[in-house]
Amino acid sequence: MTDRRQAVFTVDHGTASTAAALVATVGGRSRLLGAAAQPAGAPVEPLLAGLADDVVTHVPELAGRLADWQALARIESATRRPPAMLIVAPTENAATSLAWAARTSGWRVTGSHAAEASTVVAITEGLLDPDLETVMIGAADPPSVVERGPLADLLNMVVAALGRRRDWPEVVLAGGAVEAADRLEGADLIFAPQAAYRADVTRDPLRALLERLAAVHTDARDATALPDGRRALATATASLAGLLDRRVELVDVGASASTRVLADPQGIVGHVVRVDAALAPPEAIGDDAVADRVLAWSTIRADPASLRDRVRNLVVAPWRDAAGDGARLRLAAARAALSRLDDGWRLPERPDGAPPDYSADLLVVSGGAFAVAPAPAISLALVDTLRRPGAMALAFDHARVLAPIGALADEADRRQLLVDLLEDALTPLGSAIVATGVHAGRHRGSLKLTTTDGASDQVELVPGSVQLLDLPPGLVAAAELTTRDGAWLGVRSHHLAVEVAGGLGGLLVDTREIPLRLPDRPERRRDLLDAWQRPLWSGGDG
Amino acid sequence: MTMLADTLDAPVVAAASAIVEPTVRIRLGLGDRPLVTAGVHVRAGDPIAERLRDGGMAETRLGGIQEPEPGMLLEAGAPLGGKRRRVASPGRGRTIYVTPGGTLRSVVGRHQETVGAPAAGVVLDVQATAIVLRTDGIGYAGTLMTGDPTVGRLMVGVARPDDELPVAAIDVTGAGAIVVAGARIDVEALTRARAMGVRGVVVGGVVGRDLRSFAASEARQRAAIHASPAFALLVLDGFGKRPIPPGVWAALIEAEGREVGIAADPAMILLDAATAIAPIGRDRVRAAAGELTGRTGRLIEIVGRRRLPAGVMAVVGRVAFEAGGGQPPEERLVALADLERLAT
């Protein structure tokens with residue numbers, strides 16, 4: 001653990017930006033004294049120097065401790081570009097299952113092909129690509145009758161192509177493809193279980209193996225040997241859940257991949273890293289449909305061709321153009337990424353056979369994409385995309401300290417720093433109540449909010465809408481929902497009471513449907529999104 | 001204001017700078033034939049590979065003859081083997097593999113074209129699907145490139161880096177040249193350039209829609225019976241209208257009239273080593289985003305965190321912009337993230 005008498009920098013090196021924070025012991029505990037971020041290409045030392053100077057300006061008594069800022073300890077983590085994998089399988093179904101496992105465990109899938117005459121050239125070109133690091137070949141275990149012929153053909157193709165390379169890539173043989181091991185003696189072979197079709201995000205052994213393999217690849221490529229930021233986030237989430245004795249969920253939207261973690265006090269319940277849920281997928285450059293996935297959440301009025309080019313510029317330089325419409329575009333891209341993270345987020349059934357529990361008491365959001373948005377707009381982006389009934393507290397890892405904290409090797413150190421920094425590092429966005437089943441009519445229901453300081457407020461629920469109630473940071477309130485027809489908040493009842501915490505964004509009450517239904521026509525869709533989002537953007541240039 | 005007294009240390013990303021002797025790869029298809037070996041020095045435009053046009057997969061029943069090696073070169077009609085039943089090559093190309101049922105799968109085509117070196121340099125490696133070349137000069141990386149690596153004399157078609165090249169300005173004088181087209185080029189100008197024999201276009205930005213229309217036009221061009229010379233579009237800075245970054249612009253002006261190349265992997269303009277650029281002051285910056293995109297000036301002060309449109313908080317700097325784009329000299333506050341430092 002770092003010397004707590006001293007100050008330390010936390011540095012999170014992302015693929016698009018670098019975030020640093022200065023933590024120092026003040027009044028007997030570690031406090032977050034300042035944080036800043038910059039594009040990833042800029043040198044780090046000036047960022048740290050500026051941070052130390054800023055802190056000294058505001059807290060002159062720390063001048064002595066920060067005079068030699070270069071000598072301060074640093075807790076660092078780094079997020080790298082995910083490794084690349086080519087997937088080949090005897091059938092389309094097998095290829096799809098393997099690709100899903102790879103895409104949700106931190107791999108960039110450069111191609112996913114079934115063995116057919118029409119794919120021979122593409123597969124062989126992929127296998128001969130000088131940049132190929134890993135190829136995965138998979139089939140059912142044992143191969144099904146349908147797979148046997150194409151698998152034998154595929155193996156001939158693979159052996160022929162790899163035999164022409166001077167350097168063999170790593171070969172993952174999954175399921176029935178392990179039979180080919182003796183034909184691939186020159187390769188670095190890894191044996192894996194067969195892929196399960198759209199398995200849950202915890203119990204699939206293939207995903208677990210691929211996660212470990214991705215970690216080995218990313219670590220091997222990084223000369224700095226800094227701990228991997230995405231794994232560190234998962235570790236920090238588990239530490240936070242243990243510390244709070246609550247279920248904690250974290251979503252991190254990054255420029256090259258996004259992460260989702262759910263942890264309870266016993267440990268990690270679910271974890272995915274998805275390259276196709278990156279803030280700005282590189283595929284948007286050549287594929288209008290990928291750019292349009294972002295624009296489906298955009299409220300900016302402009303011609304589609306110009307907007308697609310703005311999305312592409314976000315891929316080229318994610319840090320640029322962050323003000324004005326650029327901030328709205330970023331949040332639209334973050335929504336598209338979050339909805340990809342939600343797609344395929346499947347947890348296992350509970351030990352007693354009950355349906356999976358997707359709930360979280362606290363949802364933490366992280367990533368540079370959210371740095372430019374006001375708190376209520378971030379809250380709405382979360383409930384727009386990660387839709388589930390219930391109440392939860394929302395927080396923002398604004399200084400991106402969770403990944404560096406997760407990079408600490410010792411659980412006691414992590415917990416100590418989290419205890420000290422909890423209030424400083426996690427900006428309370430507020431709470432959200434997502435209630436379905438509230439019907440239009442004479443008796444729509446109401447929500448009564450009674451804060452711990454005794455203040456009380458009551459509003460009438462508006463079905464199919466988003467309502468924002470003022471609930472400042474530091475306050476806790478009892479929210480009572482009363483409906484004549486009953487509302488669904490994970491359980492159905494006419495009268496429901498939940499405890500909610502205040503935050504910069506207040507309390508968001510969402511009575512819209514799950515999943516969210518949006519109009520197909522772009523103009524109507526944009527108008528509806530704008531009606532929900534416009535009141536939440538401060539700073540007002542429209 | 002922050003205590004960062006020295007704007008030279010401001011956390012601003014560096015603009016693309018010259019890469020000395022850059023290594024580039026010339027990608028090869030399955031049926032292509034390298035014409036060079038590792039260690040050979042090539043001049044710009046020298047043939048380095050033969051590209052198979054309109055290649056397709058062919059299947060040949062081997063009928064029990066000895067299986068050819070994967071990757072073996074094939075000549076049209078040449079015997080593959082067999083005593084009682086002579087098995088002939090399905091065309092000019094290369095073998096891929098033999099199926100378990102004894103069918104040879106190959107990639108063959110009827111037409112070939114020559115691939116030239118995009119710059120002078122030494123062939124470092126010849127791989128199954130790429131030739132690796134360490135070039136002799138310097139290179140500036142672009143955002144993307146579409147087309148084939150090419151070479152030609154450099155012709156600067158615009159007066160300023162933020163100008164646009166009008167369609168009417170492209171004529172036969174551009175034949176064989178790589179044309180610098182300013183901040184943006186549309187699909188009509190690209191198509192005309194192609195028709196006039198221009199070898200390549202270097203541009204600051206391109207509209208995505210035009211890029212795809214051009215790529216479709218290129219695909220049709222390839223499908224034509226007659227081979228046409230390689231043509232490349234190199235985009236230096238991004239999408240939409242984007243002035244050519246000042247450092248690259250200065251190098252392009254310096255290299256005008258000389259032979260230059262465009263590489264695809266990585267996307268890069270390759271210039272002569274003699275292209276000398278005057279040193280640039282470290283406080284010189286360029287606005288790379290927002291309404292001031294393309295304007296250059298001096299970063300004179302880090303102002304600190306300020307509220308920007310839409311309520312966004314960001315660290316801003318005061319920049320003394322020079323006159324440009326019809327605007328007089330002026331001082332403006334700009335988010336540091338939207339700036340690029342010209343010196344590296």
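This note walks through a predicted model, chain by chain and contact by contact.

1. **Chain B as a whole.** Chain B has three helices and 28 strands. Its C-alpha atoms fill a box of roughly 90 × 45 × 40 Å along the principal axes. Of the 344 residues in chain B, 51% are buried. Take the contacts in chain B with a separation of 6 or more: residues 24 or more positions apart account for 64% of them.

2. **Where the chains meet.** On the chain B side, 45 residues are in contact with 51 residues of chain A. Several elements of chain B each supply at least two residues to this side. Among them are strand 1 (13-14), strand 12 (103-109), helix 2 (208-223) and strand 21 (232-239). Strand 25 (296-308) and strand 26 (312-321) also belong to that group. Strand 11 of chain B gives the largest share, three residues. By class, the side of chain B that touches chain A has 29 nonpolar, eleven polar and five charged residues.

3. **Helices 1 and 2 of chain B.** Helix 1 (residues 187-195) of chain B packs against helix 2 of chain B at an angle of about 30°, with the axes 9 Å apart. Angles under 35 degrees count as roughly parallel, so helix 1 of chain B is roughly parallel to helix 2 of chain B. The crossing is right-handed. Helix 1 of chain B brings B:Val187, B:Leu190 and B:Thr191 to the contact. Helix 2 of chain B brings B:Asp210, B:Ser213, B:Phe214 and B:Ser217. The contact counts three nonpolar, three polar and one charged residues.

4. **Helix 3 of chain B.** This helix covers residues 246-255. Its buried residues are B:Gly247, B:Val248, B:Trp249, B:Ala251, B:Leu252 and B:Ala255. After helix 3 of chain B comes B:Gly257, with a positive phi near 90°.

5. **Helices 4 and 5 of chain A.** Helix 4 (residues 120-128) and helix 5 (residues 145-162) of chain A have axes that come within 9 Å and cross at roughly 40°. The two helices of chain A are therefore oblique to each other. Helix 4 of chain A passes helix 5 of chain A in a right-handed crossing. On the helix 4 side, the contact uses A:Val120, A:Ile123, A:Thr124, A:Leu127 and A:Leu128. On the helix 5 side, it uses A:Met157, A:Val158, A:Ala161 and A:Leu162. Eight of the contact residues are nonpolar, one is polar and none is charged.

6. **The nonpolar cores.** The largest nonpolar core has 212 residues. Those with the most contacts inside it are A:Ile87, A:Leu98, A:Ile137 and A:Ala333. Helix 10 (residues 325-342) of chain A gives the most to this core, ten residues. What does A:Ala333 touch, not counting residues up to four places away in sequence? The list is A:Leu279, A:Ala280, A:Val294, A:Val311, A:Leu314 and A:Ala369. Another core lies apart from the largest one. It has 67 residues, including B:Leu233, B:Val260, B:Ala267 and B:Met268.

7. **Helix 8 of chain A.** Helix 8 spans residues 288-295 of chain A. A:Val290, A:Ala291, A:Arg293, A:Val294 and A:Leu295 are its buried residues. They pack against helix 9 (304-316) and helix 10 of chain A.

8. **A:Gly270.** Find A:Gly270 in strand 12 (residues 267-274) of chain A. Is A:Gly270 buried or exposed? It has 20 other C-beta atoms within 10 Å, so A:Gly270 is buried. Beyond residues up to four places away in sequence, A:Gly270 touches A:Val201, A:Thr202, A:Leu262 and A:Leu347. A:Glu249 lies 21 residues from A:Gly270 in sequence, and 9.2 Å from it in space, C-alpha to C-alpha.

9. **A:Glu460.** A:Glu460 belongs to strand 17 (residues 456-460) of chain A. It counts as exposed because it has 9 C-beta neighbours inside 10 Å. Leaving aside neighbours within four places in sequence, A:Glu460 is in contact with A:Arg444 and A:Ser446. A:Leu481 is 21 residues from A:Glu460 in sequence, and the C-alpha atoms are 9.7 Å apart.

Key:
Residues numbered from 1 in each chain as written. Chains lettered and ligands numbered in written order. Predicted model: local features only at pLDDT ≥ 70, side-chain atom pairs only at ≥ 80, totals over all residues. Axes fitted to C-alpha atoms, helices over the stretch in contact; angles between N-to-C directions. Helix = DSSP H or I, 4+ residues; strand = E, 2+ residues; numbered from the N terminus. Parallel < 35°, antiparallel > 145°, perpendicular 65-115°, else oblique. Left-handed = near helix turned anticlockwise from the far one by under 90°. Contact = placed C-beta atoms within 7 Å. Nonpolar A, V, L, I, M, F, W, Y, C, P; charged D, E, K, R; others polar. Core = buried A, V, L, I, M, F, W, Y, C linked by C-beta atoms within 7 Å. Buried ≥ 20, exposed ≤ 12 C-beta atoms within 10 Å, placed from the backbone.
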